[in-house]
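Please open the structure in the viewer and follow the stops below in order. Each stop names what to select and then describes what is found there.

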Amino acid sequence: MAPESAVPQPPDDDPESYVGLAAQEAERRARERGWTSVRQLEPDAIITMEYVTGRLNLAVKDGQVVRCWPG
C-alpha cells in the first residue's frame with residue numbers, strides 16, 4: 001500500500017461557484033467547505049505567485065466576488 005501524501009489536498013469545490021456572491025458570504029461558504037485560508041483581493045492587486053494548498057483567493061469589487069481561484 002502506498003504511503004499517504006503529507007501534502008493536504010484542497011477541497012473538492014468549484015471556485016467558479018463563488019463568482020457573483022457577496023464577499024462575506026463567499027468567505028463563509030469557503031470556510032464551511034474546507035478551505036483553510038481565504039484571501040480577499042482587489043481585482044488588479046499585485047500578489048506573489050506562491051501556491052498555498054487549501055487557500056482560496058477571492059477578487060472582490062464593490063463587495064462582490066468577480067473572480068475566484070485556488071492557491
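Begin with arginine 28 and glutamate 25, which lie 3 residues apart in helix H1 and are therefore separated by about one helical turn. Helices (H or I, at least four residues) and strands (E, at least two) are DSSP runs, numbered from the N terminus. The model is predicted: local features need pLDDT of at least 70, side-chain atom pairs count only at pLDDT 80 or more, and totals for chains, interfaces and linings use all residues. Residues are numbered from 1 along each chain as its sequence is written, and side-chain values use heavy atoms, with hydrogens and water left out.

The side chains of arginine 28 and glutamate 25 form a salt bridge (2.5 Å, N to O); the term denotes a side-chain nitrogen of Lys or Arg within 4 Å of a carboxyl oxygen of Asp or Glu.

Salt bridges with shared partners join Glu25, Arg28, Arg29 and Glu32 into one network.

Now select aspartate 13 and arginine 33, which are joined by a salt bridge (3.2 Å, N to O). This pair links distant parts of the chain, 20 residues apart: aspartate 13 is in the segment before H1, and arginine 33 is in the loop between H1 and strand S1 (37-41). Is aspartate 13 buried or exposed? Aspartate 13 counts as buried, at 18% relative accessibility, where buried means under 20% relative accessible area, exposed over 50% and partly exposed in between (1.4 Å probe, protein chains only). Arginine 33 is partly exposed at 41%.
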